[in-house]
Amino acid sequence: MLDRTARYVVSAGGIAVIVTILAIFFFIFREVTPLFTTPTARLLARFNVPGGTDPQGPIFIGTDDGKTIAYVAGPGGVRFVDLSTGTVIPMDGLEGFPSHVTVLAQGGVGSNRYVAATADGLIIPFKMGVGTRFAEGGQRIHQPLFRQSQPFRMASGSFTALAYRAAAAEQGLAVLTADGALLYVDVPDGDAEQRVPGKELYRFDRPVTHLALDGALTNLYAGTADGLLYHFELKEVAETRPSAISPNHPGRAETRLSPEVYRVAREGVAVSALGFLNGDRSLVVATADGDVSVWGLTRLPGSLGRFHLEQMHKLSSHRAPVTSFSPSTRDKGFVTADQLGQVYVHYATSEQTWLRLPVTDSAIRAVAFAPKSDGFVALDAAGQLALYEVRNPFPEVTFQTLFGAVWYEGYERPEHVWQSSSGSDEFEPKYGLMPLAFGTIKGTMYALCLAVPLAILSAVFTSQFMHPALRGTIKPVIEIMAALPTVVLGFLAGLWLAPLLERFFPALIGMFIVLPAVIVAMSFVWSGIPSRLRERLRPGTEALVLMPLLAGSMWLCLWANEWIEGVLFGGDFRQWVLDAFGVHYDQRNAVVVGIVMGFAIIPIIYSIAEEALSNVPKHLIAGSLALGATRWQTVLRLVLLAASPGIFSAMMIGFGRAVGETMIVLMATGNTPILDWSWSNGFRTLSANIAVEIPEAPHGGTLYRVLFLAALLLFILTFAINTVAEVVRQRLRDKYMSA
Amino acid sequence: MKAFWKSGELFVWLTAAGVAVSLLMIAGLLVLIMVHGLGQFWSQNIEELHLKDGRRVIGQVMSREIVPGSETHDHPEGRVRFRVRVGNRDTFGSDFRWVDEADLHARLVPGDLVKIDRREWGPAYGRLVGLYDGPGAYRGSEQLWPVMESMLARVENNRRTIDELDERIGAVNHEIETLRLKRRALTLDGTMTSHESARDEEWKRRISVLEEEYQ
C-alpha cells in the first residue's frame, strides 16, 4: 500500500518536472517565433483623387499616424484627402499656393516644413501636415494643417533642384539654378528682405537630378543624370562672408568647395531618387536602372577627419526606373516605387527587401511611408491614390543580423556588435548575438581552467588517498561550497576581489611559483620522515598538513607583493602588461570572474568526479597494489581510466552550470560585449545580458523577443549538455554495476 | 631519488594540495563574510580628531587606506588616510570625509560624544547641548541623556499610535470605496436597492469623520 502511493507520488513528481520543462520551452519558443514571421501587406483603399492628373512636375505626398488623411502638394496646388471616403477636405488658405511649382523639398525625415520653388525663382516655405484635436468624448480628431510663410527670392531664374533642412535652431537651403550653379543659404526667419543672397558653392557642368542635405547642415549631396554623386562638406561655408552672387557672374564667387565624386550607377544612368534615412546618416541612392542602395560616410583609415562615402547595403533592384522614395520616421526602413507601379518595402540594416507589391499599372509619382511604418500611400500617374497596410513588426531581425557581421551606420566595416538601445528613434539597434555567445564561452573557459584542475585533484585525493572517516568530513565541507548563493559570490568578486587583485596581481603570479615549490619541498620532507612515524598518522593528513603551509605561503606572497612586482615586472605591473601584451588592465576582468566562477563550479565537478572515482571496484585497486604498483601508479593507470567517463560527465555538467551562471558575471565583469579572448578585459554573457536588459525592454518589441531568443539558446545549450552528460553517466553506472 | 620520482608521491601531494586549496578557499570565504558581516555589530568609537591646523572633526573612523597612486621613491608605503564618518549630511553635504594621517595631530575619545540616528539626513554626531520638549520648553541644565531617553520613548509611542490610526483610516476608506463601487454597479443595473446601500455608505462616511476627529 505504502509502496503504491510512493510510486504514484514519485511518478507524478517526475511527470510534473517533465511537463514544466516542456511548458517553459514552449513558452519561450512562442515568444521567439514572431521574430521570423513573413511580413504581409494589404490594400485598404483605392481612390481617384479629384484633379489628380496634375501637369508634370514634382509631387509630394504624406499621411498621418493613423492613416486617416493624406496630403498632396504639387503643381496643381495642395490637397488634403480623407482616406476613409476619398473626398478632398475643403480648407482655407490653400489658394495662395502657387500653381507653377518646379521643385519641392521636405525639411527632414518626418518634418512638417517644406519649401516650394516656382518657375520665376520665388521660394515659398510652408507647413503642411495633420494635427490632432480631442473632442468632448475623448475621441481623437485629425485635422489638416497648412500654413504658408512669406516667400523670398534667392536668385533670378528657375531652379532645377532643391534641398532643404529645418534643423532645431537653423534652416539650410540649397538650390541648383538652371545654369548649374549650386547656391546655399541659411533661410532667414523674419523674411525681412525680399532678396536673400546665396553663397555659390559650385558650378556644375552636367545636369543634376537631385540634392540632399543632412540634419547637421554639414553634408550636401548632388546626384547627376549620368550616375555620379557629388559630396560637399559645408563646414567651411559658415565661416566665410556671404557675397551677393548672381549666376551671371561666376568669376566673382568667393568660396568654392571641392567635392568628392563617386560613381553610383553605370555611365549614363541617372540618379532618380536621393534622400536620407531616419537619423540622417544613411543616404539612399536609387537609379534609373532600378538599383537601390544605401551609402554611408566612413572615416578613412589613417588620416584625421577625412570622410569617405561607401556603399553599405545593396537592396533588390526594381525592373524599371525608381521614381520615388520615402523613409520611415521610426527606424531604418524605407519604400521605393518605380515606373511600373511596383512598390518595394526595404529595411537598410538587415539588407532585406521585405515586400514587393504590384500596386498599380501606371507609373507611381509619389509614395509615402506611414509614420508608424505600418502602411503607405502611393499616387500614380493616372491620378489614383492607393492606401496599403503593411505588417512587418521586426524588420531588423534576420538570421544574418543576429549571428553574422552587419555593417552599421558610422562603422567602417561589417562587425559583430551588441548595442540594443539608446535614447532616440534615430539610433540603429544592433542585435548581434555573437559577442554575447562569445562572452559566455570565454567566461566558462576561464572558470573551467581554475575549477577542473582543483576539483579533479581534490576528488582523486578524497576518494583514493583518504581515510574514510576523514573523507566523511571533508567531502561535505567541499560540497558546502555549492550552497553559497552566487549573488554573494558575485558581490564579493566585484567589490572585494577585483580591487584587491588590481593591487596584488604580482602576488598572484608569485603564488604560481611559490606554491608548487612548497608542495614539492613538502613531499621531499615527508618522505624523509621515518616510515614508523608516517604509518601512525591516518592517510589523508597530507592535505591537513598542507593547509597551514599553503596559507602561510599565500600570506608571504601577499606581503612580498611590491618586491615581486619590482623583480618580475619592473616595478609597475600595469605598465608591464601594456608593454608586453599591448592590452589595458581592467579592474573587472576575466581572471577575477574565472576565480570566483571556478569557486562556484568546483563542488559540482567534485561531487560527480568523486563519486565516479569511488565507484571503481575495490578488487581492481587491491589487485593492482598487490602486484606491486605504488598508490599513484594505481591511480594514474587504473583508477583514472576506469572512472574517466564519470570525470568527463562531471566536467560537462560543470560546463553546463557555468554557461548558465548569471549573477557572478553580472557583478564581476564590466558587462562589455566585446569579441576579445584577453584575460585583462571583461565580457558580457547571454545570461547576464538577459538579466540586465529585460527590465527595460518594451513588452513584445524586438529587444524583448531577441532576449527570449538568447534565453532559448541558453536553454537548448544547457539542456543538450546536461542530457549528454547524464546519458554518459548512466551508461557508466550500468557498466560498473554489472562488473 | 629516482625511486621517489617513480613512486609518484609528488603527485599525491599535488592532489592533496588541491584539497588544501579548496578547503582554504571555503574557510577564507566564510571567515571574510563573517568578519565583515558580524563586524557591523561592533561599531567603532566616536572620536574627536584634532588636526594640525586647529580644526576638529567628530565622527567614527571607518577604515584606513593608502592613497592610491601616492607611492613614490622616497615614500614607498605611500600616504595613509582615514575614512571618517562625520554624518550631519544636512550640514556638511556628505556623510563621509577623508582625513590624511599627515594632518592628524591627536585622536581623542571623549565620553560625551553622541551619535543620533535620524529619519532624515542620516545620523548626527556631536555633543548634546539642549533638548526641546514641546514648543517653548527648552531644557539645557540637567543630565540630558536620561531625559532624551524618556522623550524618545514617548515619540516611539506616538509613532505607533499614528501608524495604527493610519491603518484604521485606510480600512475605512477601503470600505467606502467598495460600497461606492457597489452603489455604482447598482445604479447601472437599476435603482431598487440603491437606497439601502446609500444609507450604508452614509453611515460609514459618518464613522470615518468621527475617526478623523478622534485623531
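Chain B of this predicted model contains five helices and nine strands, where helices (H or I, at least four residues) and strands (E, at least two) are DSSP runs numbered from the N terminus. Along the sequence, these elements follow the order α-α-β-β-β-α-β-β-β-β-β-β-α-α. The radius of gyration of chain B, taken over C-alpha atoms, is 33 Å, well over the 17 Å that the globule rule (2.2 Å times the number of residues to the power 0.38) gives for 215 residues, so the chain is more spread out than a compact globule. The C-alpha trace spans about 105 × 65 × 35 Å along its principal axes.

Turning to burial and surface, 30% of the 215 residues of chain B count as buried, meaning under 20% relative accessible area with a 1.4 Å probe and protein chains only. The chain exposes about 15,100 Å² (Shrake-Rupley method, 1.4 Å probe), and carbon and sulfur atoms supply 55% of that area. Among contacts (heavy atoms within 4.5 Å) between residues at least 6 apart in sequence, 40% join residues at least 24 apart.

As for confidence, chain B averages a pLDDT of 83, and 91% of its residues score at least 70; pLDDT is the predictor's confidence in each residue, from 0 to 100. Where pLDDT is low, the predicted coordinates should not be read in detail. For the complex, the predictor gives an ipTM of 0.78 and a pTM of 0.82.

Residues are numbered from 1 along each chain as its sequence is written, while chains are lettered from A and ligands numbered from 1 in the order in which they are written. Local features need pLDDT of at least 70, side-chain atom pairs count only at pLDDT 80 or more, and totals for chains, interfaces and linings use all residues, with side-chain values using heavy atoms and leaving out hydrogens and water.

How values were computed: Buried means under 20% relative accessible area, exposed over 50%, partly exposed in between (1.4 Å probe, protein chains only).
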